[in-house]
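User: I would like to learn how to read the features of a structural model. Could you take me through them one at a time?

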Amino acid sequence: MVTSTTSAPVATSTRGAATTAAGLLVLRIVTGIIMIVHGWQKFFVDGIAGVSAFFGSMGIPLAGVSATAVATIELVGGLLLIAGLGTRIVGALFAAAMAGAIVFVHAANGFLATAGGYEFVLLLAAVGVALALTGGGRYAVDALIKR
């Protein structure tokens, strides 16, 4: 007796695609919220002038331009990430911004975030790289545009 197993892999594949898309949606929403809060803080709590002064004290080149760029990437990029629009580009920008934060701010403090280290920033950089590589998934505006 010969049995066919073609339907099982298809069902598993479909289920895997759905859970991957749901996982990417959760990752985009949570990361987007985190980045929006950080961008909001830079614009409306600390102010760009305050962030620029802090960046300058840390030796970040072109502190005023860098402060505005990072705040914009975080705030606008976070909104775009939640929508899933330009996910690969936003992910790459997040990764670059977090790499700068590691180099200029956190690396000297060691690994643990509790000591001002790069632990959390490294995680955000890795999420940015992952989203740059995978895209936003099925539940992203990018996917609608692609269709």
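**Reading the features**

Analyst: Phe-111 has a relative accessible area of 41%, so this residue counts as partly exposed. Keep in mind that the model is predicted.

User: Which ring does Phe-111 pair with, and what is the geometry of the pair?

Analyst: A pair of aromatic rings is described by the distance of the centres and the angle of the planes. Here the partner of Phe-111 is Tyr-118: the ring centres are 5.3 Å apart and the planes stand at 85°, so the pair is edge-to-face. Tyr-118 is partly exposed, at 26% relative accessibility.

User: How many aromatic pairs are found in the whole structure?

Analyst: The search finds four. Another of the pairs is Phe-54 with Phe-55, which is tilted, with 6.3 Å between the centres and 55° between the planes. Phe-54 is partly exposed at 40% relative accessibility, whereas Phe-55 is buried at 8%.

User: Next, salt bridges. Which side chains meet in one?

Analyst: Side chains of opposite charge can pair when their charged atoms come close. In this model the side chains of Lys-42 and Glu-74 do so, at 2.9 Å from N to O. Lys-42 belongs to helix H1 (residues 7–45) and Glu-74 to helix H3 (residues 63–83), so the bridge ties together parts that are 32 residues apart in sequence. A search of the whole structure finds one salt bridge.

User: Are Lys-42 and Glu-74 buried or exposed?

Analyst: Buried means under 20% relative accessible area. Lys-42 has 14%, so this residue is buried. Glu-74 is buried too, with 4%.

User: What makes up the largest nonpolar core?

Analyst: The largest core has 14 residues, and those with the most contacts inside it are Met-35, Leu-81, Phe-94, Met-98, Val-121 and Leu-131. H1, H4 and helix H5 (119–134) each give two or more residues to this core. H4 gives the most, with six. Apart from this core lies another of seven residues, including Phe-55, Ala-67, Val-70 and Val-105.

User: What does Met-35 touch beyond its sequence neighbours?

Analyst: Leaving out residues up to four places away in sequence, Met-35 touches Glu-74, Leu-75, Gly-78, Phe-94, Met-98 and Leu-124. Thr-87 is buried, at 1% relative accessibility, and with the same exclusion touches Arg-28, Leu-81, Leu-131, Gly-135, Gly-136 and Asp-142.

User: What span should the 16 residues of H5 have, and what do the end C-alpha atoms show?

Analyst: At 1.5 Å a residue, the 16 residues of H5 should span 22 Å; the end C-alpha atoms are 23 Å apart, which agrees.

User: Which residues of H5 are buried, and where do they lie around the axis?

Analyst: The buried residues of H5 are Val-121, Leu-124, Ala-125, Val-127, Gly-128 and Leu-131. They cover an arc of only 160° around the axis, so they are on the same side of H5. The face turned away from the buried side carries the exposed residues Leu-123 and Leu-133. Just after H5, Gly-135 takes a positive phi of about 85°.

Note on methods: Residues are numbered from 1 along each chain as its sequence is written. This is a predicted model: local features need pLDDT of at least 70, side-chain atom pairs count only at pLDDT 80 or more; totals for chains, interfaces and linings use all residues. Side-chain values use heavy atoms; hydrogens and water are left out. A salt bridge is a side-chain nitrogen of Lys or Arg within 4 Å of a carboxyl oxygen of Asp or Glu. Helices (H or I, at least four residues) and strands (E, at least two) are DSSP runs, numbered from the N terminus. Buried means under 20% relative accessible area, exposed over 50%, partly exposed in between (1.4 Å probe, protein chains only). Contact means heavy atoms within 4.5 Å. A nonpolar core is a set of buried Ala, Val, Leu, Ile, Met, Phe, Trp, Tyr and Cys residues joined through side-chain atoms within 4.5 Å. The expected span of a helix is 1.5 Å times one less than its number of residues. The arc is that of the directions from the helix axis to the C-beta atoms. Rings of Phe, Tyr and Trp (its six-membered ring) pair if their centres lie within 6.5 Å; planes under 30 degrees apart count as stacked, over 60 as edge-to-face and the rest as tilted.
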